[in-house]
Amino acid sequence: MQDQNLKNVTETAVNLLSKSPNPRLNEIMAKLIQHLHTFASEVKLTEDEWMKGLEFLAAVGKIGLSEFIMLSDAIGLSKVVNIMNHPPLEGITESNFTGPYYRDEAPLLTSPFKIYSGCEEEGEQVLFSGQVMAPEGKPIAGALIELWQTAPNGLYDCVDDTQPDYNFRGQLYTDEQGRYQFQTLKPANYRFPSAGPVGQMLVALDRHTWHAAHIHFKVSADGYEHLVTQLFFKGDPYIKSDVVFAVRESLIINLQKHDSPEEAAQHNVKNPFHTAHYDFVLKPKC
Ligand SMILES: [Fe+2]
């Protein structure tokens with residue numbers, strides 16, 4: 001067996017992959033090995049640092065997939081993968097990554113499409129509406145919209161025992177004109193949990209852990225590519241320094257404040273209230 005040294009260990013490790021029957025896996029693993037070896041060499045990684053790194057990954061794994069997604073989000077990897085796979089296209093709603101808090105099988109909403117229960121004293125009511133359409137403006141009837149957001153306390157239902165299951169989540173279909181509407185409370189900007197390994201990493205790096213307030217959307221319709229995105233609110237203090245680099249200019253919307261008891265009564269909401277509007281434009285499948 002050949003003695004290993006810094007120069008040939010990478011080549012030997014990569015060559016061992018050639019027996020694998022999966023060429024794509026070979027390609028990914030070969031590049032991963034090459035880049036990790038180069039990284040260790042370039043920073044002159046000590047054994048203590050190597051072990052601390054492994055312990056960090058073990059702590060992330062102990063929490064599970066959601067913490068790994070947070071890690072990927074926090075170092076910008078999620079954004080790189082998202083932009084590569086969904087490059088911005090003129091006239092099509094920009095994509096954004098899913099984040100760690102998506103849950104499938106959210107309740108199917110019916111009129112008046114209210115996505116929450118309780119919390120009304122804590123939050124500002126928002127009547128959200130818009131349309132799903134094709135690039136040429138043709139409305140898409142029967143498009144499925146899944147949406148999820150935090151409560152006004154900045155927590156998702158799955159990490160907050162005080163909220164009912166599936167609170168601030170829902171699914172709805174667009175009507176014959178591709179229109180949708182739902183009633184919610186304004187989500188809050190929120191912090192990554194600082195007790196977890198990713199939060200501690202950000203603190204050690206002297207980075208803040210705030211995520212600009214947002215609502216997640218997943219829009220699906222026959223003949224069109226799935227759209228996963230997030231909408232943000234103009235004026236949020238973390239728009240420019242979002243912890244996961246998620247904010248895109250085209251995905252920032254205005255919240256319009258209405259201070260009219262008559263209008264509020266008409267919509268069966270508290271006064272004052274807000275309205276928001278966004279039209280999703282889907283990319284046709286090739
Ligand atoms: Fe989120």
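The legends below accompany close-up views of a predicted model. Local features are described only where pLDDT is at least 70, side-chain atom pairs count only at pLDDT 80 or more, and totals for chains, interfaces and linings use all residues. Residues are numbered from 1 along each chain as its sequence is written.

**View A. The buried residues of helix α4 (residues 65-74).** Helices are DSSP runs of H or I with at least four residues, strands are runs of E with at least two, and both are numbered from the N terminus. E67, I69, M70, D73 and A74 are the buried residues of α4, where buried requires 20 or more other C-beta atoms, placed from the backbone, within 10 Å of the residue's own. Because they cover an arc of only 155° around the axis, they lie on the same side of α4, the arc being that of the directions from the helix axis to the C-beta atoms. These buried residues pack against α3 (47-63), α5 (77-85) and α6 (197-204), with contact meaning C-beta atoms, placed from the backbone, within 7 Å.

**View B. Two cis peptide bonds.** Another joins N271 and P272, with omega of about -5°, and P272 is placed in the loop between α7 (261-267) and β11 (273-277).

**View C. Positive phi at K44.** K44, which is not a glycine, has a positive phi of about 50° and is found in the loop between α2 (23-42) and α3. K44 is exposed, with 7 other C-beta atoms within 10 Å, exposed meaning 12 or fewer.

Terms used:
Contact = placed C-beta atoms within 7 Å.
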